[in-house]
Amino acid sequence: MHSQQFTAEPPSDDRGERDSTAGDAPGTLRSPVSGAGRAPLVFDFDVIIAGCGPTGAMLAAELRLHDVRVLVLEKETEPTSFVRIVGLHVRSLELMAMRGLLDRMLRHGRRRPAGGFFAAIPKPAPKDLDSAYAYLLGIPQPVVERLLAEHATELGARIRRGRAVTGLEQDDEGVTVELAGGERLRSRYLVGCDGGRSTVRKLLGVGFPGEPSRTETLMGEMKADMPQEEIAARVSEVRETHQPFWVRPFGEGVYSVLVPAGEVGDRAEPPTIEDFRRQLRAVAGTDFGVHSPRWLSRFGDATRLAERYRVGRVLLAGDAAHIHPPAGGQGLNLGVQDAFNLGWKLAAQIRGWAPETLLDTYHAERRPVAEDVLDNTRAQMELSSAEPGPQAVRRLLTELMDLDEVNRRLIEKITAIDIRYDLGAGPDLLGRRMRDIGVKQGRLYDLLRHGRGLLLDRTERLTAGGWSDRVDHLADPTAELDVPCVLLRPDGHVAWIGDDQRDLDDHLSRWFGRPTG
């Protein structure tokens, strides 16, 4: 094997799965020797991640919080260059706050009200959403990717660009990954974060059932010569009968343009500015004088979900596991949240303290979330049809959304703050994320920055005891906590509520493995 070895020294508290042997190159990873005279297997990395988009970069950073040796392979030689604006929803903003990244993001984005997301029905944000970050952050996608990649490398992850995965083989010990050009790398786990046309998923043979594209939409950013007031008036008229459609000012004479493509074409062929002009004239009666595009793309309404998120030592996350129309702006957020759920669990497996079924909870928790997102995007796409039936339903829903309860429910769904993982019977808070409450040391999310569990103890008589290397303990945290004690997972979800030490120990074992000492 001619792969480059990771050079960081292994932590001393690893439980034997990564023995540093005298005479080896620094950082060579070895599986335990089993059987007399049997040569140990060499691992180049603990985890290889295919794809350095937001999902892959976030996952790499989460793993590095636990000293997991990570290599990210990205087939593209350069980061994304086109300036597409994406929206970070409330739950993603909470995750950024948990890891100390939110201030970085805010410097490059623009806050907008957390309303009007569902099927682009123009309703105001519900009042008093249950979050300290109840807004949408509009931010260029290349900036999100850059900031997350920088965060990962600051923590020690390695990123190699221009490296495409072309093959994989796995066994009971690890995964061998083959790259274009023939280079072979060995790791204990592989995670495919390589997009909707995922090579990793295809190599695994994991089914990707769903619906192919029935319609396509053109989207891009370009300049327009028509005065802004005339553009706004014409767009308002068109949107009475055509959804989706917009020509939105982006600043400095640049507009974000979205218009039906007219027919399903070859997505491998990028659209041209003339394609936009033709479709704008067909839908709006004018091409608005568009010219000088920054970037142009097309997307369909294909909706697919991987049958499995894990096959042995290979896992899928982000668009490699699910694709759907961009209605509601949920795609990037869903992928980042996948990474946040998977990171600490995979790290626990690598570090040797994971309970037997912990890694399987990634599929059990995140696949139902993706199913729900696929369903709500299907519904939104139906509401965008110009046909009389869907338009009648849209008018009815528009009326219903004047009810705060309906509007709130839909916004909480789009922003992912309604998620409740099925952790068994218990209070409604069990399985939900804990909002960023004030604590006597400042803010709750600041205490989760290092990716450890956290026990909030109002009784001041419980302890994390033998789990103190994985779980922090905060006694008498705050009056804002209205239950005796809460055990938080590293992703901020509530794993236990109660006041009994024995019951707490059972749940610590369930989520954080056996106690030490």
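A residue is called buried here when its relative accessible area is under 20%, calculated with a 1.4 Å probe on protein chains only. Please keep in mind that this is a predicted model.

With that cut-off, look at helix H1, residues 54-64. Its buried residues are Pro54, Thr55, Gly56, Ala57, Met58, Leu59, Ala60, Ala61, Glu62, Leu63 and Arg64. That is eleven of the eleven residues, so helix H1 is largely enclosed by the rest of the structure.

What do the buried residues of H1 pack against? Three of the partners are strands: E3 (45-50), E4 (70-74) and E11 (184-192). The others are helices: H2 (90-98), H4 (141-154) and H8 (331-351).

Now the sheet. Four strands form an open sheet in the order E14-E15-E13-E16, and their pairing is antiparallel. Strand E14 (246-251) and strand E16 (290-300) are at the edges, each pairing on one side only. From one strand to the next, the twist averages 20 degrees.

Inside that order, strand E13 (residues 216-224) and strand E15 (residues 254-260) run antiparallel and are joined by seven bridges.

Helix H6 (residues 228-238) touches E13, E14 and E15, and its direction makes about 150 degrees with that of E14. Helix H7 (residues 273-284) touches E13, E14, E15 and E16, with its direction at about 80 degrees to that of E16.

That is what I have for today.

Methods. Residues are numbered from 1 along each chain as its sequence is written. This is a predicted model: local features need pLDDT of at least 70, side-chain atom pairs count only at pLDDT 80 or more; totals for chains, interfaces and linings use all residues. Side-chain values use heavy atoms; hydrogens and water are left out. Buried means under 20% relative accessible area, exposed over 50%, partly exposed in between (1.4 Å probe, protein chains only). Helices (H or I, at least four residues) and strands (E, at least two) are DSSP runs, numbered from the N terminus. Contact means heavy atoms within 4.5 Å. Two strands pair if DSSP finds at least two bridges between them. Axes are lines fitted to C-alpha atoms, for helices over the stretch in contact, and angles run from 0 to 180 degrees between N-to-C directions.
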